[in-house]
Amino acid sequence: NPFIAKKVGADGCHLGQNDMHIKEARKIIKNKIIGVTCNNSIKKAKEELKKKISYIAIGAFNASKTKRVKYRASLNDLRKIRKIDRG
């Protein structure tokens with residue numbers, strides 16, 4: 001949450017799919033780190049990378065014993081995302 005990040009002096013925040021828009025978050029925490037969840041979607045990654053975010057999360061690469069893995073990313077997904085023009 002950008003409001004909490006600002007209040008506690010965090011280095012940034014991560015925005016999930018149902019969180020506020022990057023523009024709103026930038027107004028709150030300025031030039032701090034902002035990451036966005038893309039849920040293993042190349043299309044979503046393309047959209048988000050054009051919004052001047054700091055990083056994207058694309059999903060888990062490995063299974064987890066502590067968390068249900070809903071979105072699995074592959075090395076091929078990572079290769080495709082690395083080739084996206086950040087405009």
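Which residues does Ile-56 touch, not counting residues up to four places away in sequence?

**View 1. The contacts of Ile-56 in the predicted model.** Ile-56 touches Val-36, Cys-38, Ala-45, Glu-48, Leu-49 and Ile-81, with residues up to four places away in sequence left out of the count.

**View 2. The largest nonpolar core, with 18 residues.** Ile-34, Ile-56 and Ile-81 have the most contacts inside this core. At least two of the core residues come from each of these elements: strand S1 (12-15), helix H2 (22-29), strand S2 (33-37) and helix H3 (42-49). Helix H2 supplies the largest share, 4 residues.

**View 3. The largest pocket, with a volume of about 220 Å³.** Its lining is made of 13 residues. Ala-60, Lys-67, Arg-68, Lys-70 and Tyr-71 lie nearest the centre of the pocket. By type, the lining residues divide into 5 nonpolar, 5 polar and 3 charged. Rolling a probe the size of a water molecule over the atoms shows where empty space is left.

**View 4. Cys-13 and Cys-38, with sulfurs 14 Å apart.** A disulfide is a covalent bond between the sulfur atoms of two cysteines. The structure holds 0 disulfides. For Cys-13, the closest cysteine sulfur is that of Cys-38, and a distance of 14 Å is too far for a bond, because a disulfide needs the two sulfur atoms within 2.5 Å. Cys-38 is likewise in no disulfide, and its nearest cysteine sulfur belongs to Cys-13.

Note on methods. Residues are numbered from 1 along each chain as its sequence is written. This is a predicted model: local features need pLDDT of at least 70, side-chain atom pairs count only at pLDDT 80 or more; totals for chains, interfaces and linings use all residues. Side-chain values use heavy atoms; hydrogens and water are left out. A nonpolar core is a set of buried Ala, Val, Leu, Ile, Met, Phe, Trp, Tyr and Cys residues joined through side-chain atoms within 4.5 Å. Buried means under 20% relative accessible area, exposed over 50%, partly exposed in between (1.4 Å probe, protein chains only). Contact means heavy atoms within 4.5 Å. On a 1 Å grid over the protein atoms alone, a cavity is a set of points where a 1.4 Å probe fits but cannot get out, and a pocket is an open set with protein on both sides within 12 Å along at least five of seven lines; lining residues have an atom within 4 Å of a point. Grid points are joined across faces, edges and corners, and a volume is the space filled by probe spheres set on the points. Ala, Val, Leu, Ile, Met, Phe, Trp, Tyr, Cys and Pro count as nonpolar, Asp, Glu, Lys and Arg as charged, and the others, Gly among them, as polar.
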